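Please read them alongside the coordinates.

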Amino acid sequence: MRFAFTDDQLMFRDAVADLLSNECPPEKVRWSWNDDTGRDPQLWAALAAMGVVGLTAPENSGGLGMNEVDLLPILTEAGRAALPAPLLETTAVVIPMLAESAPDALAATWLPGLSDGSVIATVSLEGQPFVSDAHIADLLVAERGGSLFAVTGDKLRLTPQTSVDGARRLFTAEWDEADAELIASGDAAAAAVALAFNRGAVAAAAELIGLAERMIAMTVEYVVARQQFGVAIGSFQAVKHHLADAELKVSFARPMVWNAAYALANGEPDLDRSVSMAKCFASDAAEVVARKALQCHGAIGYTTEHDLHFWLKRSWALCASWGDASWHRRRVAASLLD
Amino acid sequence: MDMRFTEAEEAFRAEARAWLEANVPHGLPSGDTHEGFALHVEWEKKLFADRWSVVSWPEEYGGRGASLWEWLIFEEEYYRAGGPQRVTQNGIFLLAPTIFEFGTEEQKAQFLPRMAAAEDLWCQGWSEPDAGSDLAGIKSRAVRDDAAGGWVINGQKTWTTRGAFCNWVFGLFRTDPDAARHSGMTYLMVPLDAPGVTVRGVERLDGDEGFAEVFFDDVFVADDLVLGGVNNGWAVAMATASSERGLTLRSPGRFCAAADRLVELHRRLAATGEHPERVASLREAVAQAWMEAEAYRLATLADVSGLVEGRSQGARSSLTKIYWSELDVNLNETALRLLGPAGELIEGSAGAIDDGAWMKAFEFSLSGPIYAGTNEIQRNVVAERVLGLPRK
């Protein structure tokens, strides 16, 4: 038994954290809100050069051949940076799905480009009305009528949908089956979709942990610096207890997320339940942390001039994506009670 | 990351499971009553006879030299088999780690084997009428008696769990009244049958006699009952407190077993077909309570992974204490909501479900956020020592 990351995994995480603190500071997130595409190709290329984008791709297609446990700390860093890029869609969901479920020729067509960052992919499963990053995607993997299809970006008819998080770019996407290539159908498609959904949910949970940790760090910094009544407001017990509650929620969501990544990487029994516990706890934790962070910042946190709102809004968005807390809690209830 | 136990650990689990299934007593009365306490001590002696009472201790003191992992496995199996709460816990889980850390070889030999065998039964003496959360405000005094080679103590301790049944108390006494608040205290072990000790039982919220007040009138305590050095009591007490807050007192096994019983209760009530709306409306709440126990189990696995590699929990043990105490309350509250009007019926009432065990467990759980340092104090510790907020 060793429920911890390896030194190698933590070193990789630290290297990604360094890259993101240089290449994706809050100014980059603010830029993303205001830019037409909201996406910086150089940032994506830098992540790809480090191996992050192709982390889950097989080594023979240019990837690192790593698993969900290796990816988890990196997704948490992406959350911490509020990274405006489709790492969840491309690296956590689409790449492993193509590697496992697509016909060889189709996989060979896409995986090398996805691994080296020259190609971007996104995903749309049934029940997910909005497609993230479809405007920059070269490839959409989509579920329709029980089958999985690959659709190239130029065949998509997109209608933008505006998220509360201005760095998120959502679309409704229409496409014709005649323009699509079949990835899988029948039981194979159902299994691939179920796994893709679980991977997306755990990846979102991992990002939510990073978002929550960053919000706590920002708030600690603020309440230590901010003075009222002649003292730092962080010395007041009411403020301390808000932050202790925030730390408590994250501390007991974090191992749930690790456990779900481990279950994915090792095909553990009760996978659905492990995944749902993780997304449920990560969503609930981020929701509480966001409220506490805003409350402790006071009025300055209620402005768009302060950076906090980038993290609040990304949290709200990810809490509701890939199954919200209540959806996942119901799935856990069904596994226990039915 | 590898979440499998080794073959040796699984063999240990199998051995523990087989023994527990054959030996765990069912239906014991509460160990916090006079009648029940004696029966629980009998059970503790049986555990000791087959060397299951203190598995993680070295063999010379009655243990098996089990690793932290094996200890967790034992706890899981103990509660899975329906084992009762350990009436020896204040000794084996709180005092013993402190003796291992601070005790002399003579103290280890004198106290540990008798503690393991449930020959000596220990209670804690921390709180006083005017010193609860503010533990450093204690006033009970121990005055030096050089001629006799020891200390003479006067004062009062209170909220001493099972104080009415135990024969030893450990706690803090002020030995240098002129020193600063956190200095000048000494950790003493006091026999409750010493001349000058008076114990008065206090009925708890749940009706058991488990609480006590302990009065000391010129009680003599010899030098060899000082643990960890004169005027060093605060440091020694904080070591005990971190055991109490952290994982040694509250292993996840107990909560996971209770969460499984809650799931079983829901399934049982659903199967009767009665009150379908109430039962259906609590599905998410039952799942939430079960998940909280699971989160605590997983967090413990992460903590122990760190501990075996030498990474101490430090002040994060306060997070642990808040979490297990609050999940315990939520779990029992959820059960009572499921029971509806039957929830208020207690032990011995004909219409009670599970003989009122859920109300009993609910009442007991309400002590969790209060003892071992209130959760308000723990939140201060988290804010100041985990997050780094200013004390003042």
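1. Two residues are taken to be in contact if their C-beta atoms, placed from the backbone, lie within 7 Å. The model is a predicted one. On that criterion, 35 residues of chain A are in contact with 37 residues of chain B.

2. The largest share comes from α9(B), with 15 residues. By residue class, the side of chain B that touches chain A has 23 nonpolar, 8 charged and 6 polar residues.

3. Within chain A, helix α4 (residues 68–80) and helix α7 (residues 186–225) have axes that come within 7 Å and cross at roughly 45 degrees. The two helices, α4(A) and α7(A), are therefore oblique to each other. The crossing of α4(A) with α7(A) is right-handed.

4. Residues that make this contact include A:L72, A:L75 and A:R80 from α4(A), and A:V202, A:A206, A:L211 and A:R214 from α7(A). The contact of α4(A) with α7(A) divides into 9 nonpolar, 7 charged and 3 polar residues.

5. How many residues of strand β5 (residues 157–161) of chain A are buried? The count is 0 among the 5 residues of β5(A), so the strand is hardly covered; a residue is buried if 20 or more other C-beta atoms lie within 10 Å of its own.

6. β5(A) pairs with strand β6 (residues 170–174) of chain A in the antiparallel sense, over 5 bridges. In this pairing, A:T172 in β6(A) is the bridge partner of A:T159.

Conventions. Residues are numbered from 1 along each chain as its sequence is written. Chains are lettered from A and ligands numbered from 1 in the order in which they are written. This is a predicted model: local features need pLDDT of at least 70, side-chain atom pairs count only at pLDDT 80 or more; totals for chains, interfaces and linings use all residues. Helices (H or I, at least four residues) and strands (E, at least two) are DSSP runs, numbered from the N terminus. Ala, Val, Leu, Ile, Met, Phe, Trp, Tyr, Cys and Pro count as nonpolar, Asp, Glu, Lys and Arg as charged, and the others, Gly among them, as polar. A residue is buried if 20 or more other C-beta atoms lie within 10 Å of its own, exposed if 12 or fewer, and partly exposed in between; C-beta atoms are placed from the backbone. Two strands pair if DSSP finds at least two bridges between them. Axes are lines fitted to C-alpha atoms, for helices over the stretch in contact, and angles run from 0 to 180 degrees between N-to-C directions. Angles under 35 degrees count as roughly parallel, over 145 as roughly antiparallel, 65 to 115 as roughly perpendicular and the rest as oblique. A crossing is left-handed if the near helix is turned anticlockwise from the far one by less than a right angle, and right-handed if clockwise.
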